[in-house]
Amino acid sequence: MRYTVIGTGAIGSYYGGRLQQSGLTVNYLARSDYAQLKSSGMVIESIDGDFKLEEIAAFKKAEDIPETDVILVSLKTTANSKLPDLIRPLVNSGTVILVLQNGLDMEEELRTAFPEARVMGGMCFICSFRKAPGHIVHVDKGSILAAPLDPADLPILKLIEADFIAAGIEFKSSDDLRTSRWSKLLWNIPFNGLSVVLNATTNDILSSRQGETIVRKLMSEVVQGARADGCSLTESQIEPMIDFTRVMTPYKPSMKLDFESGRPMEIDYMFRKPLKAAEKNGIELPSISMIADQLEILEGLSNQSQG
């Protein structure tokens, strides 16, 4: 497979870098990092071994990128309104669009824009951040759970799975994208949301009885929303997810990093769209709704102070 990474932040650069390191063809659509990538390559500091890629096939425009088999979308969902126009030159009949983003409904939107493509979603369980242009730090985890929007495309996903595994990335395929998306929201909603609202790391959130209680409440509402949406999440998945986080390196989730840097937060896809899906199915999720409201208030106050 030939890969093109859209977005050279922590997610795209890490997974693209691993694939390139394994010998695969990887192109990168880069904006702010373009000059650094072309002149000095990419540095990955990783708990699984540091490495540097001296030569990076970076491009400023999608129309200049050679033909590709798989597009890895790792932009923030706050840029999704521009995504179809951004990747249109790369999409042909059968092109795979693998969405490595947090939230809900991104794949359905891309299927509408590109009915000729094979659209898939990837849930990344990784702790990483962009230290500087072309410099990524990977501090913990790193697995991907992926599923195609159309289950008939699972054999194609299995080929991609083989590439990722050969690159040293833990990768598992599923045939149920909607449930997989909700299962990632089981982590994203409490820990991304609370990290901003409480000004806390994952470790801070779980360090008190009150923090754990709020996390469990939010996770329980995610399960309610998922089940109303026809997905097979259960309350039994809550404790393993908390245990997974408890042993994680203390970490600032992506939403907190965005907030601290003055960037827009992914409130719409990570909070509002799941809330709309639950409401459509007759379910209210009051705790999640309250966190979403708090995030929007904080973002508004931050914008005012920057102005």
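1. About 290 Å³ of space lies in the second largest pocket of this predicted model, where a pocket is, on a 1 Å grid over the protein atoms alone, an open set of points with protein on both sides within 12 Å along at least five of seven lines. A volume here is the space filled by probe spheres set on the points, with grid points joined across faces, edges and corners. Of the 16 residues that line the second largest pocket, Phe125, Gly142, Ser143, Ile144 and Glu170 are the closest to its centre, and a residue counts as lining if it has an atom within 4 Å of a point.

2. Strand 9 (135-148), strand 10 (171-173) and helix 9 are the elements that give two or more residues to the lining of the second largest pocket, and strand 9 gives the most, with six residues. Helices (H or I, at least four residues) and strands (E, at least two) are DSSP runs, numbered from the N terminus. The lining of this pocket divides into eight nonpolar, four polar and four charged residues, with Ala, Val, Leu, Ile, Met, Phe, Trp, Tyr, Cys and Pro counted as nonpolar, Asp, Glu, Lys and Arg as charged, and the others, Gly among them, as polar.

3. On the basis of the model: it is predicted, so that local features need pLDDT of at least 70 and side-chain atom pairs count only at pLDDT 80 or more, whereas totals for chains, interfaces and linings use all residues. Residues are numbered from 1 along each chain as its sequence is written, and side-chain values use heavy atoms, with hydrogens and water left out.

4. The largest pocket has a volume of about 1100 Å³, and of the 44 residues that line it, the closest to its centre are Gly9, Ala10, Ser74, Lys76 and Asp258. Strand 8 (118-132), helix 1 (10-21), helix 6 (177-197) and helix 10 (254-260) each supply at least two lining residues, and strand 8 gives the most, with eight. By class, the lining of the largest pocket comprises 21 nonpolar, 15 polar and eight charged residues.

5. Helix 9 (residues 238-246) and helix 8 (residues 209-228) have axes that come within 10 Å and cross at roughly 135°, the axes being lines fitted to C-alpha atoms over the stretch in contact, with angles that run from 0 to 180 degrees between N-to-C directions. The two helices are therefore oblique to each other, since angles under 35 degrees count as roughly parallel, over 145 as roughly antiparallel, 65 to 115 as roughly perpendicular and the rest as oblique. The contact (heavy atoms within 4.5 Å) is made by Glu212, Val215, Arg216, Met219, Ser220 and Val223 of helix 8 and by Ile238, Glu239, Met241, Ile242 and Arg246 of helix 9. These residues divide into six nonpolar, one polar and four charged.

6. Helix 6 and helix 9 have axes that come within 11 Å and cross at roughly 60°, and these helices are therefore also oblique to each other. Ser183, Leu186, Trp187 and Phe191 of helix 6 meet Ile238, Met241, Phe244 and Thr245 of helix 9, a contact with six nonpolar, two polar and no charged residues.

7. A search of the whole structure finds one cavity of 30 Å³ or more, a cavity being a set of points where a 1.4 Å probe fits but cannot get out. The largest cavity has a volume of about 40 Å³ and is lined by Phe259, Gly262, Arg263, Glu299, Ser302, Asn303 and Gln306. Helix 12 (residues 286-306) supplies the largest share of this lining, four residues.
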